[in-house]
There are 2 protein chains.
Amino acid sequence: MVSTVLGSGAMDNPPIVTVLDRAGYRLTEPRRSLAALIAGREGHFTATELVTEARARRLGVGRATVFRTLDMLAELGAVERLDLPSGEHAYVVCEPAHHHHVVCSRCGRSDEIDDTGLRKVVREVARRTGYRVDEHRLELFGLCPACLAGQPGPTRGVA
Amino acid sequence: MVSTVLGSGAMDNPPIVTVLDRAGYRLTEPRRSLAALIAGREGHFTATELVTEARARRLGVGRATVFRTLDMLAELGAVERLDLPSGEHAYVVCEPAHHHHVVCSRCGRSDEIDDTGLRKVVREVARRTGYRVDEHRLELFGLCPACLAGQPGPTRGVA
DNA sequence: TTTACTGCAAACATTTTGCAGATGT
DNA sequence: ACATCTGCAAAATGTTTGCAGTAAA
């Protein structure tokens, strides 16, 4: 009913560079750099984090490019924009096509969930309210198995 | 399975002033003003909109107070913070207790939906992923019946 | 060669904070 | 009386834009 993709997000997805290429965008140096940075991330990340890291590594990637690229990737579905409970905007890598995520409030890890069960809920809401539902967003927050087990690891303050 | 509360949001909820009072907050003039502004709203509204309207009506309510009050109300559950698809933060009045909303992308109207069906989905995700899910958020966007019917009415640009 | 793309810096928008003074209880 | 609450103005954040130059195709 609800199937899940386990594993740390970015692991087995089509390389971001490929997604860009296939969409007809130029494979520029800044974009390659960003793709690498993003691929290297576990869990969620913010635009600002990328800006900071790019600057730290002297990759010569400007703020504007980060925002522009993230926009593109979100558009293409290679990345999804999350609204953390804290109000921050974060992104996670994901299979282009869909979806929704469970996000760990402690380490930031995220896993995709498919919306098989959700679809029914959405359909039902539409029926009951008379709305035509065009878009829906589901975000789950909690603790991932590792953090539940008390594993140390990086704490990414997700409120 | 999924029950719905129809009607334009703010209609039949405990007065905001009461919520504040019961929570032990002082019933100050600025808070009363804001409560009135919010009660007068249909559909969603942003902090900035309130600031602007308060200023237009010369209510002498400052920016900071608007943000502080909205925070309080969100905390108390009298209001819920929405993340519109555009990335904007908006608020809707709601029954303190729970909730998710369907939001009309055209007029901003919103209706509550209960999560009877959703609960099952959440539980299933938890089971499959091993996460302990502490918090979840569901937001649906589309067109309300009135807007579907081509009714004119105020268009609140929700992306 | 062409035109998409870039960094930069400035513009904008949103939210938070410090603080002296006002105000509810 | 006195702690809570306020507006203000400044600061911290977050995001977008205009533009002249750069580089991918």
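This is a predicted model: local features need pLDDT of at least 70, side-chain atom pairs count only at pLDDT 80 or more; totals for chains, interfaces and linings use all residues.

Reply: Helices are DSSP runs of H or I with at least four residues, strands are runs of E with at least two, and both are numbered from the N terminus. Residues are numbered from 1 along each chain as its sequence is written, chains are lettered from A and ligands numbered from 1 in the order in which they are written, and side-chain values use heavy atoms, with hydrogens and water left out.

Me: Which helix gives the most to the surface near DNA strand C?

Reply: Helix 4 of chain B does, with four residues. Helix 2 (29-40) and helix 4 (63-76) of chain A, and helix 4 (63-76) of chain B, each supply at least two.

Me: What part of DNA strand C do the atoms within 4 Å of the protein belong to?

Reply: Sugar or phosphate accounts for 65% of these atoms, and bases for the rest. A polar contact is a pair of N or O atoms within 3.5 Å; within protein, one must be able to donate a hydrogen and the other to accept it, and residues adjacent in sequence count only if both atoms are side-chain atoms. Here, a side-chain N or O atom of A:T28 is 2.8 Å from a phosphate oxygen of DNA strand C, and a polar side-chain atom of A:R31 lies 3.0 Å from a phosphate oxygen.

Me: How many salt bridges does the structure hold?

Reply: Side chains of opposite charge can pair when their charged atoms come close. A salt bridge requires a side-chain nitrogen of Lys or Arg within 4 Å of a carboxyl oxygen of Asp or Glu. Over all chains, the structure holds 18. In one of them, the closest N and O atoms of A:R41 and A:E53 are 2.6 Å apart. A:R41 lies in the loop between helix 2 and helix 3 (47-56) of chain A and A:E53 in helix 3, so the pair ties together parts that are 12 residues apart in sequence.

Me: Are A:R41 and A:E53 buried or exposed?

Reply: Buried means under 20% relative accessible area, exposed over 50%, and partly exposed in between (1.4 Å probe, protein chains only). Both A:R41 and A:E53 are buried.

Note on methods. A residue is near a molecule or strand if one of its heavy atoms lies within 4 Å of it.
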